[in-house]
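Here are my notes from a pass through the model, written as numbered points. Have it open in your viewer as you read.

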There are 2 protein chains.
Amino acid sequence: MKAIVVKQPGGAEQLKMSEQSKPEIKQDELLIRVKSAAINRTDIISRKRGPSYLHNPILGVEVAGIVEESGSNTTTEVGTRVMGLVNGGGYAEYAVMPANRAMIIPDKLSFDEAAAIPEVFLTAFQTLFWLGDLHKNETVLVHAGGSGVGTAAIQLAKQLADAKVITTAGSQEKLNFCQSLGADIGINYKEQSFEEEVLKATNNQGVELILDFIGASYFNKNLASIKTDGRWILIGLLGGSQLKNINLMELMAKRIQLKGTLLTPRTDDYKAELTKAFVQKAMPLFEQNKLKPIVDKIYSFGDVQKAHTRMESNQNIGKIILKID
Amino acid sequence: MKAIVVKQPGGAEQLKMSEQSKPEIKQDELLIRVKSAAINRTDIISRKRGPSYLHNPILGVEVAGIVEESGSNTTTEVGTRVMGLVNGGGYAEYAVMPANRAMIIPDKLSFDEAAAIPEVFLTAFQTLFWLGDLHKNETVLVHAGGSGVGTAAIQLAKQLADAKVITTAGSQEKLNFCQSLGADIGINYKEQSFEEEVLKATNNQGVELILDFIGASYFNKNLASIKTDGRWILIGLLGGSQLKNINLMELMAKRIQLKGTLLTPRTDDYKAELTKAFVQKAMPLFEQNKLKPIVDKIYSFGDVQKAHTRMESNQNIGKIILKID
């Protein structure tokens with residue numbers, strides 16, 4: 001089968017179409033005929049680290065497709081349309097998916113749309129509710145509102161918690177889009193000082209929850225934007241990882257909970273539990289049109305280098321999809 | 001009545017015995033004839049900030065004494081021996097205590113011993129269990145093991161969770177004492193690299209929980225000492241507050257939960273709930289001799305300046321007590 005591997009650590013030019021053997025499944029796994037895969041920042045990190053760090057030489061952590069073969073311990077029937085997280089191997093014609101991570105694709109959604117759901121919606125769900133403990137009528141600050149996780153988080157915060165959503169982004173186009181998804185307030189971080197705008201919008205109290213994909217460059221501004229007893233979830237380092245001149249007193253005096261997280265390295269059991277909770281609470285809302293996958297751009301399988309380049313330049317609003325078939 | 005106030009922001013010499021009017025109570029409060037008060041670092045911070053920052057001009061956040069008068073909404077009888085947190089005003093002959101924070105003193109304990117309990121045991125209880133979620137057989141790293149909260153935390157972690165306790169301190173005398181309280185491993189931070197010792201003692205896994213009174217100077221070493229998915233509770237800044245050159249990637253990749261906390265500024269309701277939970281879970285263990293208050297030294301009321309000086313020089317093992325009567 002055709003699949004994308006990494007030649008050596010480096011830029012998008014290191015991505016290579018190759019011929020690989022079709023994977024074999026264990027009794028609790030499904031073999032998926034992949035129709036669409038999606039690009040994630042974790043794939044870019046894997047590409048930069050190079051093939052020697054990859055457990056699975058084929059990139060890609062989420063797919064949508066058709067069940068081609070079912071393990072003896074599974075109940076999902078061959079032919080079912082499913083989407084879900086995979087342990088690498090997503091950029092390929094066939095991929096292995098643990099059966100307890102397979103989510104049935106609603107009839108109304110295409111494979112391209114379905115591939116835009118698992119990673120970002122599961123991450124946003126986990127971050128907002130499992131780690132962030134978001135409650136009704138609280139205020140959440142979602143940075144990088146136009147990103148894949150940002151667009152998912154805005155929708156989930158509104159639909160599942162009726163929260164007030166403040167979002168930051170770097171263009172008016174992205175902010176308008178965030179507001180069309182339900183964001184209450186949009187702040188252009190290139191033109192405004194976001195912490196001042198957050199305090200204005202919260203009667204100088206700050207927000208109960210921050211979803212932080214930025215890290216170091218926003219750290220002091222996030223400290224200023226958060227309310228006493230606030231929760232702050234660190235899920236990305238787009239603004240760097242090296243902290244300098246941070247005053248821990250504020251973290252202590254405001255009784256802040258700062259939690260780091262990454263979804264991809266978590267255990268199989270964790271991903272299965274998260275998938276189960278998400279299916280119960282959020283999947284019905286896709287059927288009802290209250291949640292929607294946000295597809296930025298669809299690339300053909302051979303154009304994977306272009307797909308990576310687009311994500312690295314932060315041009316996308318929502319998910320970048322790779323059409324396998 | 002006699003009470004200690006602060007003349008102006010500064011050192012221990014700013015503490016002054018003064019004549020103050022006896023406080024009046026509301027219907028849900030108790031008037032306590034104070035027998036013993038205890039010194040806390042928050043008192044030192046208050047002294048340094050000076051009188052204009054004090055809600056109550058009299059220092060002191062915890063006392064042990066006898067109920068002199070009961071508000072109409074309370075059930076605690078006059079004459080009862082109680083201990084508990086107060087909203088300032090502890091260094092005085094009489095103090096006001098919200099009735100829902102009063103803990104009955106076990107018969108076997110003196111007032112001096114009782115005054116050594118509330119702040120440090122409630123803080124350690126809250127930090128280990130409410131914030132730190134310590135479970136049976138986990139490993140906890142308790143810094144400043146000889147401090148008031150340290151000595152309480154070692155005992156509570158052993159008695160309530162049967163945890164493995166690793167502690168740091170700056171002298172062999174303090175470490176020996178910590179081990180007499182149940183600490184499994186003692187590390188002299190002046191002679192050893194504590195993070196290396198922690199990793200050795202945990203099969204290179206790190207600890208599930210850190211109680212951090214130190215802050216900035218230990219930050220990178222704590223990052224190295226904590227296990228994936230570990231909890232790290234920041235409750236003091238003895239090692240400074242200014243962070244420099246911290247790599248956030250570690251916090252994210254290890255999925256660390258870093259929580260800041262301070263007990264004194266929390267709400268009355270919070271303190272009442274915490275007191276209630278502590279009385280249920282921990283007070284019986286004082287009766288059974290499984291937990292004991294650690295009294296470092298007892299000063300007479302007039303020697304309050306000496307008491308502060310002793311705490312500021314970190315000489316104490318356990319609590320410094322002020323004998324009021």
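**Notes on the two chains**

1. Let me start with a pairing in chain B: strand E3 (residues 29-38) of chain B and E16(B) run antiparallel to each other, joined over three bridges. Within E16(B), Lys323(B) is the bridge partner of Ser36(B). Keep in mind throughout that this is a predicted model.

2. E16(B) also pairs with strand E15 (residues 295-300) of chain B, this time in the parallel sense and over five bridges. There, Ile298(B) sits opposite Ile321(B) of E16(B). As for cover, strand E16 (residues 319-323) of chain B has four of its five residues buried, so call it mostly covered by the under 20% relative accessible area cut-off.

3. Now for how the copies relate. Chain B can be laid on chain A by a turn of 180° and a shift of 0.0 Å along the axis, with an RMSD of 0.0 Å. The two copies are therefore related as by a two-fold rotation axis. Which surface do the copies meet through? The same one, because 100% of the interface residues of chain B are also interface residues in chain A.

4. There is an open sheet of twelve strands with mixed pairing, and its order takes in both chains: E10(A)-E9(A)-E8(A)-E11(A)-E12(A)-E14(A)-E14(B)-E12(B)-E11(B)-E8(B)-E9(B)-E10(B). At the edges stand strand E10 (185-188) of chain A and strand E10 (185-188) of chain B, each with a single partner strand, so one side of each has no neighbour in the sheet. From one strand to the next, the twist averages 15°.

5. Zooming in on one pair from that sheet: strand E8 (residues 139-142) and strand E9 (residues 164-169) of chain A run parallel and are joined by four bridges. Ile166(A) in E9(A) has Leu141(A) standing opposite.

6. Helix H3 (residues 118-131) of chain A lies across E8, strand E11 (207-212), strand E12 (226-234) and strand E14 (257-260) of chain A, and runs at about 150° to E11(A). Helix H6 (residues 194-201) of chain A has Phe194(A), Glu195(A), Glu197(A), Val198(A) and Ala201(A) as its buried residues. These cover an arc of only 160° around the axis, which means they lie on the same side of H6(A). They pack against E8, E9, E10, E11 and helix H7 (219-225) of chain A. Just after H6(A), check Asn203(A), which takes a positive phi of about 55°.

7. On to the nonpolar side chains. The largest nonpolar core has 154 residues, and the members touching the most others are Leu128(A), Val140(A), Phe278(A), Leu128(B), Val140(B) and Phe278(B). What does Phe278(A) touch, leaving out residues up to four places away in sequence? Its contacts are Met103(A), Ile117(A), Phe121(A), Leu122(A), Phe125(A), Met283(A) and Phe286(A).

8. Last, Leu85(A), which is placed in strand E5 (residues 81-85) of chain A. Is Leu85(A) buried or exposed? Buried, because its relative accessibility is 3%. Arg101(A) is 16 residues from Leu85(A) in sequence, and their C-alpha atoms are 6.4 Å apart.

Notes:
Residues numbered from 1 in each chain as written. Chains lettered and ligands numbered in written order. Predicted model: local features only at pLDDT ≥ 70, side-chain atom pairs only at ≥ 80, totals over all residues. Heavy atoms only, no water. Core = buried A, V, L, I, M, F, W, Y, C linked by side-chain atoms within 4.5 Å. Buried < 20%, exposed > 50% of the residue type's maximum accessible area, 1.4 Å probe, protein only. Contact = heavy atoms within 4.5 Å. Least-squares fit on C-alpha atoms with pLDDT ≥ 70 in both. Pairing = 2+ DSSP bridges. Helix = DSSP H or I, 4+ residues; strand = E, 2+ residues; numbered from the N terminus. Axes fitted to C-alpha atoms, helices over the stretch in contact; angles between N-to-C directions. Arc of directions from axis to C-beta.
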